[in-house]
Amino acid sequence: MAQTIAVIGNPNVGKTVVFNALTGLRAHVANWPGVTVEKKTGKLDDNLIVDLPGVYSLSPVAVDDLIARNFIVRDNPDLVVDILDGTNLERNLYLALLLAEFEVPLVFALNMMDVVRTRKMQVDVGKLGELLGVPIVPTAAIKKEGIDDLKRQIKTALARKPPIPSIKYSQELESRIEKVVGILAEQAGTFYPEHRRWAAIKLLENDKEVVKELRASYPGAVTKVDSVRVLDDEFAFASERYEKIAEIVKACYVKEEDALTTSDILDKVFLHKWFGIPIFMAMMWMLFEFTFHFGAPFMTMIEWVQGALSDPILESSWGGTWYASFLADGIIGGMFSVFIFLPNIFLMFLGLSFLEDSGYLSRAAFVMDRLMYKIGFHGRSFVSLILGFGCNIPAIMSARAIEDENDRLTTILVNQNISCGARLPVYIIIGGAVWGAAAGSIVYSLYALGILAAISMALLFRKTLFKGERAPFVLELGDYRMPTAKYTGIHMWERGREFLKKAGTIIFVVVVVMWCLQYLPWGVEPGDSALYKVGQFFSPVFIPLGFGIVATVGLVFGFLAKEVVVAAFAMMLGVAEDAGDLGALIFADLGGNPVIAFSYLVFVLLYVPCVASLGAIYRETGSWKWTAFSALYGVGLAYLGASLVQLIGGVWF
Amino acid sequence: MEVVVERRGGLTALAIFGGVTFLALAALEVSAIWIQYPAFFTSGGNIVIGEVNEGTGFWLDHLLKSFVVGLVAGLFLYACPRLKTGTLEGYSFLVGAGVMALGLGVIFTLSWLGEGLSALLENEGWNILNAFRLEIPLGIGIGIAVLGIWKNQPRYISK
């Protein structure tokens, strides 16, 4: 019979790497905490294996904590695999003891043993297992070390349940536990009957979730438990756990005194109070410089493919027919106007994955927290904002890791200001046409403007809509690691694949619809087509900004997916031979005015990323009100931003 | 833990060399704005914000490049007095500046290669001086020297 295995652990200990190694899947892994914000499932033989978000304890404070905790205590997995960071045993053992307290069959994977060796630390794995009463497998999951042993241990544990460890407290605490167990047995028979001792400890610790559950079913029992609880029980339990951890660590862990690590050296620079933020800005500039310039030859190659596909159609005997135009200009031209930017998008994701895997991006969140603190925004939110560089949807979902509801909602609402990969094609084609080789800097300035807009809106929201105290920010900084080609490549592919999927589905459909609208009603001139009429309908709104009918159509269809903006231009201006030609046509359509061109880019940056992002906002807030607000303020901010660019640009340039 | 940096003279000399050369390159970058857009520094008005399709430069691009190159110079120069007194901060800044210089060198190399390959693919011929920048040999050279120092940490740091 299929059984369920839960993979749990503290944040950033390599849970997802272990999960991937066990299941053969490629779930997203990163060198910072909070990457897994929902359950992920896979298979190990016939058994279901579930990767849970990283937690420090089984007392939930944020949405992702609740997901992990509920799975362990409510879904009753057959086996729990707790991943421990071998370089930081003290911290990781706290969760290990809490799991042991829950009396569930356990296997521990002592991960990051490669780093343990590099740092000349020593762990007596046998003794550790003996003291904890749980089988332990040393692993270095990133190098696939110990994974076969872990699989074997899991299979053995599933076949013959390992002995459940028992954590004993001082006599005083034990007597109170016994009393509460008695109360539960007597008055709340169905309340965690298989984990009554655990429930008693949680009730004595005044765990909000467990108390709430008991109150809902057995209110009378709560009063009795209250009479047993002593005010400092929560601290007494924590203190005894830490004492036990200290004993275990002393007995089986040898750490070289004050070894100097790479993080000790680099963090002095990258987290420096004056240099930290400029270094982050410089890193981002290098990323876009690389994206723009190194992508150029690959774009040329894709143009060749486009020509090789469309030229034979147009030059064939049926070249002048509507179906030849549909295939060559509509399908091939429309799709390739998006595909041509694949190299840039993949290169940007490659650069982001490199920074993420190296451990630098978590530092960026840390240095930005100093700035964010001053405006009452949460540093953890910046992690979500950075994720938005790839795609706003997972970034919006990652806000689940934020404990404070005001901070979470603020983060969700401002994330749309962060420029995602889908907007990159618009920047590159217009930036390249107007500013030539300097387009990398234009792209950078738009990304920087997006961050500035997000921070400004967060400040506004925190002062008006979501007033309240700022929650403390705790972010664990993992060690710097040299990114491996394999994982960086996988991460690049994971992010880029989403773009490809979108191209094959929504973008394809929109391109076909746009082509049809361009030729309907049948036989009319392009200026009278339905597509043109759509542009005419909305154009009064955009005329003050100097955007013509074609630019307006781009913005209207760009609401569905930003990549479509370029496809709309390609279709309505006639498919150009290469991206440079198309860029020049777009620039001419924008009046040949660099200020209007930049204001158009600012509009594309600031209005709603895509319809799917609105869906994500609805899912995460559960409110149509916030979803509609997000769309409306996005359009308003974009209009304001574009107007300001024209106002300032008009005066200065 | 008290950390003392040894062989300070050599490390300080490397930091001064890195700081001064990168500072000179940043100044050159700023001077490009002066040469191409003199009005930018005088009237504050009527400035061309970009040259359509010429690809020769743009004041914002020069400004950002001078900022990044100047930042690397700043890191090297910040390290100098701290290296002299033998603190870990000085050593860290030398290493950090070296990492940034190497990164900058690699990025400019990739940009140079990108431009060259594009020219070749479009049958325009590759003028190897096009998009070649002094930061490439300097950044990679100094970066590798610093990585060597980092790799041989026990020779330079005593606890």
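Helix α3 of chain B, covering residues 59-84, comprises 26 residues and spans 38 Å from its first C-alpha to its last, close to the 38 Å expected at 1.5 Å a residue. The model is predicted. Just after α3(B), B:Gly86 adopts a positive phi of about 80°.

**Chain B: architecture and surface**

- Chain B contains 6 helices and 2 strands, and its elements follow the order β-α-α-α-α-α-α-β from the N terminus on.
- Of the 159 residues in chain B, 50% count as buried.
- Among contacts in chain B with a separation of 6 or more, 72% are between residues 24 or more positions apart.

**Nonpolar cores**

- The largest nonpolar core holds 174 residues, and the members that touch the most others are A:Ile279, A:Ile430, A:Phe547, A:Tyr600, B:Tyr91, B:Leu94 and B:Met100.
- Helix α13 of chain A (residues 276-315) contributes the largest share of this core, with 15 residues.
- A second, separate core has 66 residues, including A:Ala6, A:Tyr169, A:Leu203 and A:Tyr218.
- In soluble globular proteins, nonpolar side chains tend to be buried together.

**Surroundings of A:Phe547**

- Leaving aside residues up to four places away in sequence, A:Phe547 touches A:Phe542, A:Thr552, A:Leu555, A:Leu590, A:Ile596, A:Ser599, A:Tyr600, A:Phe603 and A:Gln646.
- A:Tyr600, one of these contacts of A:Phe547, is likewise listed among the core members that touch the most others.

Note on methods. Residues are numbered from 1 along each chain as its sequence is written. Chains are lettered from A and ligands numbered from 1 in the order in which they are written. This is a predicted model: local features need pLDDT of at least 70, side-chain atom pairs count only at pLDDT 80 or more; totals for chains, interfaces and linings use all residues. Side-chain values use heavy atoms; hydrogens and water are left out. Helices (H or I, at least four residues) and strands (E, at least two) are DSSP runs, numbered from the N terminus. The expected span of a helix is 1.5 Å times one less than its number of residues. A nonpolar core is a set of buried Ala, Val, Leu, Ile, Met, Phe, Trp, Tyr and Cys residues joined through side-chain atoms within 4.5 Å. Buried means under 20% relative accessible area, exposed over 50%, partly exposed in between (1.4 Å probe, protein chains only). Contact means heavy atoms within 4.5 Å.
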